[in-house]
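Take a look at the sequence and the structure below.

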Amino acid sequence: MPGSRHSRFASLHDVELCGLSATGERRAFGELVRRHGSAVRGVLRRMGAQPTEADDVAQDAFLTAFERIAEFRGEGTFAAWVKKIAARLYLRRLQRDKKLGAMTAEAVEDEPETPRGDADSAIDLEEALKVLGPVERLCVTMCFGAGLSHTEAAEALNLPLGTVKSHVKRGLEKLRTRLAPENGVVLEGRRGNG
Amino acid sequence: MVELDFERRLERLFASSPELADAAAFAERVERRLDAGWTARRWLIGAAGVVGGVIGASQLMLSNVFQRVETAGDSARLLSTSFNHISTGTDWVAAMSSGGAVVWVAAGMAVIMMGFVLTRVIGEI
């Protein structure tokens, strides 16, 4: 019975579910997807993926995670591990579709305007990220959302480390302006499954 | 210090991802793809087993295996007769000595062992 199977796994910790998944228990892995699917899809959307595209990449990321579950040593959280896989897969897809090169070229030529926050409106992170250029958005989300180091992000993006650092720095400056408390923005995130 | 504080707040914001409305449906899609992959793998292993079995059986046929079994049966019979001469107490050898029973039992055990090994290999994959 699927319901009872799911409830059996619902009480288990992520690490226990990873252990069961490593023995080929697909329902245990399904519980992990149920717990962290939204977070992984959220990171991809924040990186700039369209919802359908984000879902496709997130599915591939979870399938890859299942194949490589034995490599997960539990040093970080399972969600963080899958987010890294998803971020890399998304970048690979951008490279395959030749979108990444265009993005990086665009970033040098065309810097988007940084609009000021509206004091009367509640702006969430998604809205704030829209003020960033595509590469800045990628870099900031990879480092702060997917948990990649600057070096890892540089390798994944195939960009020099210094370039990634400056994209992150510029992105943070824009976000700070946009999310500044004096703009009336509540910095606490919405409730979710993190 | 202010920068570090902002970065921590940003990390918290990124960590607090909203639960999407179709989270359960998404998980089911992933599970379906996992199941489909597993089914395909089992079919592949099964097909490889059938092909291997057919090749093995044809090789056995070509190598006159039945003639060899008969010869082995004769040898086993001879061996058990010798055992009977040495010790009259070993009734089990005598019980097994009718025709090529020893050879067939050994072959059966080998098949069971192969089945066990194959099951373990499939399980490991």
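In chain B, where is confidence lowest and where is it highest? The lowest mean, 57, belongs to helix H4 (residues 91-96) of chain B. The highest, 84, belongs to H1(B). This is a predicted model, and such scores tell you how to read it. Where pLDDT is low, the predicted coordinates should not be read in detail. Chain B as a whole averages a pLDDT of 77, and 82% of its residues score at least 70. For the complex, the predictor gives an ipTM of 0.73 and a pTM of 0.66.

Chain A holds ten helices and zero strands. Read from the N terminus, its elements run α-α-α-α-α-α-α-α-α-α. The chain has 194 residues, and 43% of them count as buried. Take the contacts in chain A with a separation of 6 or more: 65% of them join residues 24 or more positions apart.

The largest nonpolar core has 61 residues. Leu44(A), Val82(A) and Ala86(A) have the most contacts inside this core. Its largest share, ten residues, comes from helix H5 (residues 78-96) of chain A. What does Ala86(A) touch, not counting residues up to four places away in sequence? Its partners are Val40(A), Val43(A), Leu44(A), Val57(A), Ala58(A) and Ala61(A).

Now turn to H9 and H10 of chain A. The buried residues of helix H9 (residues 150-157) are Ala153(A), Ala154(A), Ala156(A) and Leu157(A). They sit on the same side of H9(A), because they cover an arc of only 165° around the axis. Their cover includes H5, helix H8 (134-145) and helix H10 (161-178) of chain A.

After H9(A) comes Asn158(A). This residue lies in the loop between H9 and H10 of chain A. Is Asn158(A) buried or exposed? Asn158(A) counts as exposed, because it has 11 C-beta neighbours inside 10 Å.

H10(A) has 18 residues. From first C-alpha to last it reaches 26 Å, close to the 26 Å expected at 1.5 Å a residue. Buried in H10(A) are Val164(A), His167(A), Val168(A), Gly171(A), Leu172(A), Lys174(A), Leu175(A) and Arg178(A). These buried residues fall within an arc of 165° seen down the axis, so they line one face of the helix. There is a simple rule behind such patterns. An α-helix has 3.6 residues a turn, so residues three or four places apart point the same way. What do the buried residues of H10(A) pack against? They meet helix H7 (125-129), H8 and H9 of chain A, together with H1 of chain B.

**Where the chains touch**

The contact takes 27 residues from chain A and 24 residues from chain B. On the side of chain B that touches chain A, helix H1 (2-15) and helix H2 (23-62) of chain B are the elements that give two or more residues. H2(B) gives the most, with eleven residues. The table sorts the residues on this side of chain B by class.

| Class | Residues on the side of chain B that touches chain A |
|---|---|
| Nonpolar | 14 residues |
| Polar | two residues |

Key:
Residues are numbered from 1 along each chain as its sequence is written. Chains are lettered from A and ligands numbered from 1 in the order in which they are written. This is a predicted model: local features need pLDDT of at least 70, side-chain atom pairs count only at pLDDT 80 or more; totals for chains, interfaces and linings use all residues. A nonpolar core is a set of buried Ala, Val, Leu, Ile, Met, Phe, Trp, Tyr and Cys residues joined through C-beta atoms within 7 Å. A residue is buried if 20 or more other C-beta atoms lie within 10 Å of its own, exposed if 12 or fewer, and partly exposed in between; C-beta atoms are placed from the backbone. Helices (H or I, at least four residues) and strands (E, at least two) are DSSP runs, numbered from the N terminus. Two residues are in contact if their C-beta atoms, placed from the backbone, lie within 7 Å. The arc is that of the directions from the helix axis to the C-beta atoms. Ala, Val, Leu, Ile, Met, Phe, Trp, Tyr, Cys and Pro count as nonpolar, Asp, Glu, Lys and Arg as charged, and the others, Gly among them, as polar. pLDDT is the predictor's confidence in each residue, from 0 to 100. The expected span of a helix is 1.5 Å times one less than its number of residues.
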